[in-house]
Amino acid sequence: MRKVAYVFAVLAAAGAGTYLVIYLYRWQWQRAVICGVLLLVVEVMLFGLVTLGRLNRIEERLRDTDRRQRELDARQEDVLTRLREPAIEPVETRFQWLDDDRTDRTYVFVPVLMVAGVLLSGLAWVVQKVAAATARPAERRLAGRLAVLSAPDPAAPDDLEDLPLLGPRPSRGRTARLTTVTVLGGALLAALVVGLADLTQTRPEKANGNKATSVLVKVDLRGAEMTDERRSLAAQQIWEGCRHSTSAPLRHAALGDLGDGMFAGVVRPALTDHDLMRLRGCLEDATLERAHLTVVAVGDAKTDGG
């Protein structure tokens with residue numbers, strides 16, 4: 001479902017961006033603004049989808065990290081418990097002289113041995129107490145180091161999934177294909193940028209040697225009251241509003257009614273190609289309520305001095 005949303009958003013963004021450039025090239029500002037707003041909405045939606053995906057992945061990683069930390073703590077406690085278990089007591093070996101069954105002999109060594117044993121037992125008790133008081137952090141650190149070497153938990157088979165896979169290195173063919181795709185993508189992007197720059201570059205206009213430019217337009221009204229008077233009023237409002245869209249001032253640019261919703265305007269002096277595009281874009285992009293104007297034809301008129 002997420003891939004479908006990505007595909008839909010990318011297609012919508014591509015369409016909105018394409019028509020944004022087209023309407024800007026045609027000087028149709030209202031339609032360009034609508035396409036720009038749509039492109040912005042799609043970009044925000046894409047940003048939201050990407051952010052949501054990242055947050056979901058971060059949440060999953062946090063859960064995995066917590067689970068692994070709990071397992072590591074459990075292993076550490078297990079190793080620590082094993083380290084704290086008492087060692088196996090060695091087999092008692094008695095002195096050889098104790099095996100003698102004769103009881104008529106006395107030994108001075110026995111009381112000396114007893115006194116020495118008491119002293120050694122006291123010294124061992126002191127050493128054991130000191131070691132028990134100072135060896136706990138060392139044991140815990142040792143248990144933490146040894147926890148990495150312990151066997152994985154059989155109940156969690158996903159412990160080894162994050163380790164890199166062992167396998168052969170990428171082949172040269174795959175590297176060559178990746179390089180070719182990268183070069184082609186860069187070339188297409190460069191061609192797109194150069195093409196847009198060429199279309200939108202400002203160039204000096206060639207002067208139009210004709211005397212006037214004629215524009216034939218048609219006005220359509222939506223609604224029940226579509227009278228000729230309303231059509232003429234709408235046509236005059238749109239025409240007067242677009243007279244300032246050209247770089248050259250439009251003098252003697254009256255608009256005549258031809259009937260049946262058709263109107264003709266004559267502009268003197270004749271317009272250049274760029275000014276004609278700006279005038280046409282303004283007329284077709286006008287925002288008059290319930291009125292739409294369509295440019296039917298344009299042309300240059302060659303007139304005499306009179």
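**Figure 1. Tyr 19 and Tyr 23 are separated by about one helical turn, being four residues apart in helix 1 (residues 2–25).** The model shown in this and the following views is predicted. Tyr 19 and Tyr 23 form an aromatic pair, and the structure holds one such pair. A pair of aromatic rings is described by the distance of the centres and the angle of the planes. For Tyr 19 and Tyr 23 the distance is 5.8 Å centre to centre, and the angle between the planes is 35°, so the pair is described as tilted.

**Figure 2. The largest nonpolar core of the model contains 21 residues.** The members that touch the most other members are Val 215, Val 217, Trp 239, Leu 283 and Leu 293. Which elements each supply at least two residues of this core? They are strand 1 (212–221), helix 6 (228–241), strand 3 (262–267), helix 7 (273–284) and strand 4 (291–301). Apart from this core lies another core, of 10 residues, which includes Ala 16, Leu 20, Tyr 23 and Leu 39. In soluble globular proteins, nonpolar side chains tend to be buried together.

**Figure 3. Val 217 and the residues that it touches are shown in close-up.** Leaving aside residues up to four places away in sequence, Val 217 touches Gly 261, Met 262, Phe 263, Leu 283, Leu 293, Thr 294, Val 295 and Val 296.

**Figure 4. Five residues make a nonpolar surface patch of about 420 Å²: Val 21, Leu 189, Leu 192, Val 193 and Leu 196.** Helix 5 (residues 172–200) gives the most to this patch, with four residues. Leu 196 lies in helix 5. With a relative accessible area of 34%, Leu 196 is partly exposed.

Figure 5. The protein has 306 residues, of which 20% count as buried. Its accessible surface comes to about 23700 Å², and 62% of this surface belongs to carbon and sulfur atoms. Among the contacts with a separation of 6 or more, 74% are accounted for by residues 24 or more positions apart.

Technical notes. Residues are numbered from 1 along each chain as its sequence is written. This is a predicted model: local features need pLDDT of at least 70, side-chain atom pairs count only at pLDDT 80 or more; totals for chains, interfaces and linings use all residues. Side-chain values use heavy atoms; hydrogens and water are left out. A nonpolar core is a set of buried Ala, Val, Leu, Ile, Met, Phe, Trp, Tyr and Cys residues joined through side-chain atoms within 4.5 Å. Buried means under 20% relative accessible area, exposed over 50%, partly exposed in between (1.4 Å probe, protein chains only). Contact means heavy atoms within 4.5 Å. Rings of Phe, Tyr and Trp (its six-membered ring) pair if their centres lie within 6.5 Å; planes under 30 degrees apart count as stacked, over 60 as edge-to-face and the rest as tilted. Patches are made of residues with over 30% relative accessible area and no salt bridge: like charges are joined within 9 Å, nonpolar side chains (Val, Leu, Ile, Met, Phe, Trp, Tyr) within 5 Å. Accessible areas come from the Shrake-Rupley method with a 1.4 Å probe; for residues, only the protein chains shown count as cover. A salt bridge is a side-chain nitrogen of Lys or Arg within 4 Å of a carboxyl oxygen of Asp or Glu.
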